[in-house]
Amino acid sequence: METDSMSSTGVVLPPLSLSSQVQVHTTTGVTVIFTFVYFSIVPRLVIPMSSTQFEWPWQYNFPPFFTLQPNIETRRKQLEAWCQLVVAYFKQRNVFTVSVASLRDPTCPLFHNKQLERSANSELITSVLEELHKHGNLEWIDKSHTNARIIWRTPEEWASLISSWARASGHGNSVCTLFELTDGEDTEHEPFHGLDRTVLIQALQCLEKRGEAALMGEEGVKFLCV
């Protein structure tokens with residue numbers, strides 16, 4: 001008897017000849033499929049996969065990546081790869097601000113690869129942050145450089161996204177609070193939902209310069225982009 005089985009992840013398992021299958025769902029969320037073939041039992045595991053799981057680049061599993069390279073050209077490429085990784089990491093998590101202390105914390109997977117047993121030291125982390133700042137992907141929040149804002153879109157790009165939403169949602173000639181833009185139900189599925197307040201104001205100021213909005217104090221904005 002040939003049977004097809006589909007796991008909870010939507011993956012179709014290949015048909016088996018002269019066999020039957022029994023699925024057992026464990027309390028840990030793992031599905032164990034027992035395949036009976038000629039009275040023998042062959043267990044197969046189907047591990048649920050998360051569509052939001054971050055995909056680490058190949059360099060992350062390369063031990064020298066966690067040591068600042070002495071060769072100038074090699075170091076340049078290394079820091080470039082680190083900058084791309086940091087921006088992608090925080091963008092995927094929709095995180096806008098970060099403390100340097102949290103990056104150095106061993107529980108932070110970004111600079112600490114437990115499987116590889118490698119961690120970036122303070123010199124490398126500092127070099128990466130300086131490189132991010134040089135390329136406009138990091139903005140220091142305080143003078144002591146202990147907290148930073150990670151930038152993966154410019155204020156102009158955020159402004160365009162907000163303007164497009166205002167037109168499409170019928171808010172092109174309406175007043176909205178800043179809270180509604182970043183935390184309201186109407187923007188729940190928009191990329192600027194949860195946007196850092198400082199970045200939001202910068203984006204709205206860009207819209208003001210375009211004549212598409214007018215800030216109303218510190219809590220509201222009037223859209224003029226019908």
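Predicted model: local features only at pLDDT ≥ 70, side-chain atom pairs only at ≥ 80, totals over all residues.
Colleague: Hi! How many residues does the largest nonpolar core have?
Modeller: The largest nonpolar core has 51 residues. Phe90, Leu110, Phe111, Leu181, Leu204 and Phe223 are those with the most contacts inside it.

Colleague: Which element gives the most to this core?
Modeller: That is α1, with nine residues. Other elements giving two or more residues include α3 (122–134), α4 (155–168) and α6 (197–210).

Colleague: And where does this core lie relative to domain 1 and domain 2?
Modeller: Between them, because domain 1 (58–150) and domain 2 (155–223) both give residues to the core.

Colleague: Let's switch to Ala203. Is Ala203 buried or exposed?
Modeller: Ala203 is buried: its relative accessible area is 0%, and the cut-off for buried is under 20%. You'll find Ala203 in helix α6.

Colleague: What does Ala203 touch, leaving out residues up to four places away in sequence?
Modeller: Ala203 touches Pro155, Trp158, Ala159 and Ile162. Ser163 is 40 residues from Ala203 along the chain, yet their C-alpha atoms are separated by 9.7 Å.

Colleague: New topic, the open sheet of three strands. In what order do the strands come?
Modeller: The order is β6-β10-β9, and the pairing is antiparallel. β6 (97–99) and β9 (138–140) are the edge strands, each pairing on one side only. On average, neighbouring strands of this sheet are turned by 30 degrees against each other, ignoring direction.

Colleague: How many bridges join β9 to β10?
Modeller: Three bridges join these antiparallel strands.

Colleague: And which residue in β10 does Trp140 stand opposite?
Modeller: Trp140 stands opposite Ala148.

Definitions and conventions
Residues numbered from 1 in each chain as written. Heavy atoms only, no water. Core = buried A, V, L, I, M, F, W, Y, C linked by side-chain atoms within 4.5 Å. Buried < 20%, exposed > 50% of the residue type's maximum accessible area, 1.4 Å probe, protein only. Helix = DSSP H or I, 4+ residues; strand = E, 2+ residues; numbered from the N terminus. Domains from an automatic or database assignment. Contact = heavy atoms within 4.5 Å. Pairing = 2+ DSSP bridges. Axes fitted to C-alpha atoms, helices over the stretch in contact; angles between N-to-C directions.
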